[in-house]
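Let's take a friendly walk through this model, one region at a time. Keep the viewer open and follow along.

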Amino acid sequence: MKSLLSGMVMAALAGAAGAETLEGRAQMPSGVKAPGGASFEAVLEDISLADAPAVELGRSAFTPPQSYGWPFAIDYDAAGLDPRHRYAVRGRVTGAAGQLLYVTDTVVPVLDDGTDAPVLQLVAVAGADQPVIGAHGLRLPATFTGILPCADCDGIAHHLDLWPDQTYHMRRVWQGKAPLLTRDEVGQWYVDAARGALVLHGAAEMPLQWEIQGPDRLRALAMQGKVIDSDLPYELESTGSLTKTDLQLPLQGLVTTLADAAQFEVCLTGKTYPVEMSGDYPALERAYAEARPAPGAPLMATVMGRLELRPAMEGPDRRSLIVDRFVSVWPEGSCDRHRAPAALENTYWRIARLNGEAVAAQPGGREPHLLLRGGADSAYQATVGCNGMGGSYARDGENGLRFERGLSTLMACPPPLDGWEQAFAQVLTATRHWEIAGQSLMLLDEDGEALAVLEAVYLP
């Protein structure tokens, strides 16, 4: 198969007529197979004119196999192409009754970036997935809501979205707090069949557990999975439908940019979202361009962002990622080791950035790191590669954190270690909160600004 750049463009420039074939692959959402009796079509289009309908150049339509993905091929006339134009492929799956079930909702360019084997990521349209009661006893997909008791507030409002592919989104709001405390997270779930318990693995260090009391009813369990003996309302209930909530949280995943489209795959869930080109997206794009291994290759990144509904190219609106703050990229990172978040305590945290500046071990020197030892003493040890620092720390609530300086060595440090050491001392003094996204730890000030970024390292 000729590449689009060398085959399609050169054929167009030469004015040579003749059929060419674009080959690609369609991919269903994670854990979902194409339903029986469905129809699939992929369309190659000229999308150059923003104020005019796309011009169809070729189409492939067939009954897909009941699998997670399949190849497709589109025949087109290369002589009709213009090297100044933009071309893209879109796909869709319709049910046996003709209803729209799955669509592509991002631009998949196939000319100006040289892509010769496009992958069409299909997403479900609203209402395409009808709730079904599985062997676990839950009617999914569905949203579970409720207000649970709180020792120092008016109640904790929960909004939990569960999908059959064993992923979830959750927003918790501590009502009556000033300022209002909101915690959002994404993650994966499983059911402990022996206990009839739903277990959520997300950003929290300890998994949250719920007793399944019926297809549309959950009751909170204690942190160790024990039953809460109380008459207070610890239940979440569902109407049997899915009403997705917006989220604002730190995310770690694989970013990919192609032409004027970007996507972000969240490591914790495997879900992929289009990225809005607003907010702090330009900083992410610049970092991607500098560190990517190859054009269009995925690159690990950490961002503070929002998952919100945005208009789609076709079908209903869908969740998109809006980057509020770019944090860092990790050229050696992969989602395989970021599926579960690291723990704050008893983890060796390599210091990667201080106030936005990259930090690295100097030749022959110690690696910059921070270690928080859990237990009665709550002590920490740290260095940026010169003097050793130590002291105590205190945790407050969900993500409050304060450091108290203790003893440290007093060697004279050469640059850049002297500057880094002063900056890190100021970070410890100003830290008020912490957030973990996968294997990245962010130390935040009172306003939620990232002062330092650290990466978990697992020693042999």
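Buried, as used here, means under 20% relative accessible area, while exposed means over 50% and partly exposed lies in between (1.4 Å probe, protein chains only). This is a predicted model, in which local features need pLDDT of at least 70 and side-chain atom pairs count only at pLDDT 80 or more, whereas totals for chains, interfaces and linings use all residues. Residues are numbered from 1 along each chain as its sequence is written, and side-chain values use heavy atoms, with hydrogens and water left out.

Let's begin with helix H3, residues 417–430. Helices (H or I, at least four residues) and strands (E, at least two) are DSSP runs, numbered from the N terminus. The end C-alpha atoms of H3 are 20 Å apart, which agrees with the 20 Å that its 14 residues should span at 1.5 Å a residue; the expected span is 1.5 Å times one less than the number of residues. Buried residues of H3 include Trp 420, Phe 424, Val 427 and Leu 428.

Leu 443 deserves a look of its own. With contact meaning heavy atoms within 4.5 Å, and residues up to four places away in sequence not counted, Leu 443 touches residues including Leu 370, Phe 403, Val 427 and His 433.

Next come the strands, where two strands pair if DSSP finds at least two bridges between them. Strand S26 (residues 369–373) and strand S27 (residues 379–383) pair in the antiparallel sense over five bridges, with Arg 373 partnered by Ala 379. They form a hairpin with five residues between them, and Gly 375 in the turn has a positive phi of about 125°. S27 also pairs with strand S28 (residues 388–396), again antiparallel over five bridges, and Gln 381 stands opposite Gly 390. In that hairpin four residues lie between the strands, and Gly 385 in the turn has a positive phi of about 120°.

Finally, an open sheet of three strands has the order S4-S1-S7, with mixed pairing. Its edge strands, S4 (69–77) and S7 (119–121), each pair on one side only. Three bridges join S1 (residues 19–27) to S7 in parallel, and Gln 27 stands opposite Gln 121.
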